[in-house]
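Dear colleague,

Please find below the structure that I am handing over to you. My findings follow it.

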Amino acid sequence: MNFFSSVLEFLNSIWTWMTPGVQALASWGALLPASVGFIAALAALRTFRLRTRVDHADQWWKRVQYGLEVAKATP
């Protein structure tokens with residue numbers, strides 16, 4: 001019984017020590033989903049911009065290759 005009471009006392013002391021932090025996280029908990037969504041939206045926008053830039057570069061290179069092939073083919 002002594003072992004279990006010391007373990008219980010240890011767990012109670014940890015909970016007592018953690019309570020202010022848990023309460024602080026709970027007070028900010030309402031903002032957490034909004035901030036995660038905002039960060040995800042920023043990441044998606046950045047990825048979209050990068051993908052658009054890469055697509056434009058790819059199309060430019062295809063046009064250059066086509067132009068070179070046409071220039072080589074014409075006598």
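**Findings**

Threonine 19 lies in helix H1, where helices are DSSP runs of H or I of at least four residues, strands are runs of E of at least two, and both are numbered from the N terminus. The model is a predicted one, in which local features need pLDDT of at least 70 and side-chain atom pairs pLDDT 80 or more, while totals for chains, interfaces and linings use all residues. Residues are numbered from 1 along each chain as its sequence is written, and side-chain values use heavy atoms, without hydrogens and water.

Threonine 19 has a relative accessibility of 21% and therefore counts as partly exposed (buried is under 20%, exposed over 50%, partly exposed in between, with a 1.4 Å probe and protein chains only). Its C-alpha atom is 72 Å from that of glutamate 69, at a sequence separation of 50 residues.

Zero of the 27 residues of H1 are buried.

As a whole, the protein has two helices and zero strands. Its C-alpha atoms fill a box of roughly 100 × 30 × 10 Å along the principal axes, and 0% of its 75 residues count as buried.

Yours sincerely
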